[in-house]
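Have a look at the protein below. We'll go through a few of its side chains and helices together.

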Amino acid sequence: MRQKRGQGRTDKMVEVLRRWQGLERDAINTTAEIMEKTENLLIRQIMEIIRNDSVQHHRVQQFLIDTMTKKPVRLAPEDMAEIWSEIEAHDELERETIAIAKELKEECADPVARIILDYLIVDEQKHDTILGQLEELKRHMSKLA
């Protein structure tokens with residue numbers, strides 16, 4: 001009985017992820033259409049950012065679908081131990097870029113540049129966050145070992 005409920009949840013998640021992928025494909029198409037209709041550099045840049053994010057979201061959603069339907073992800077402590085110092089160094093770079101972008105935004109009076117700097121700050125913070133989550137997973141795995 002438990003197996004069927006678990007499989008039902010997985011099936012539902014896959015269904016929702018596939019529907020979400022359809023929305024991402026629509027976003028890819030509509031942003032491309034908007035880009036074709038305008039010569040405005042700011043609008044084109046924003047649409048390109050959104051389009052690229054949608055492409056990446058679609059890929060990540062497919063990764064989730066594949067891990068649920070084909071081959072689950074396995075992560076061993078050794079997998080992280082091999083490259084952890086490089087991950088920590090990269091995270092330090094992410095934090096440095098955030099600091100630089102915040103400093104630049106503080107000095108910036110141009111509203112267009114501030115919009116783009118805000119985007120960059122949020123995106124870099126997102127990278128720092130996901131690396132922090134990876135570190136939490138590493139800590140959790142070390143407690144289990």
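Is Asp-66 buried, partly exposed or exposed? Asp-66 is partly exposed, because its relative accessible area is 24% (buried means under 20%, exposed over 50%, partly exposed in between, with a 1.4 Å probe and protein chains only). Bear in mind that this is a predicted model, where local features need pLDDT of at least 70, side-chain atom pairs count only at pLDDT 80 or more, and totals for chains, interfaces and linings use all residues. Residues are numbered from 1 along each chain as its sequence is written, and side-chain values use heavy atoms, leaving out hydrogens and water.

Asp-66 has a partner: its side chain meets that of Lys-70 in a salt bridge (a side-chain nitrogen of Lys or Arg within 4 Å of a carboxyl oxygen of Asp or Glu). Lys-70 counts as exposed, at 65% relative accessibility. The whole structure has eight salt bridges, including these:

| Salt bridge | N to O distance |
|---|---|
| Asp-66 and Lys-70 | 3.7 Å |
| Glu-92 and Arg-95 | 3.8 Å |
| Glu-135 and Arg-139 | 3.2 Å |

Glu-92 and Arg-95 also belong to a salt-bridge network with Asp-91 and Asp-128. Glu-135 and Arg-139 sit four residues apart in helix α5, so about one helical turn separates them.

Now for the helices (DSSP runs of H or I, at least four residues, numbered from the N terminus). The axes of α2 (residues 41-69) and α5 (residues 111-144) come within 11 Å and cross at roughly 10 degrees. So α2 is roughly parallel to α5 (angles under 35 degrees count as that).

Methods. Axes fitted to C-alpha atoms, helices over the stretch in contact; angles between N-to-C directions. Helix = DSSP H or I, 4+ residues; strand = E, 2+ residues; numbered from the N terminus. Parallel < 35°, antiparallel > 145°, perpendicular 65-115°, else oblique.
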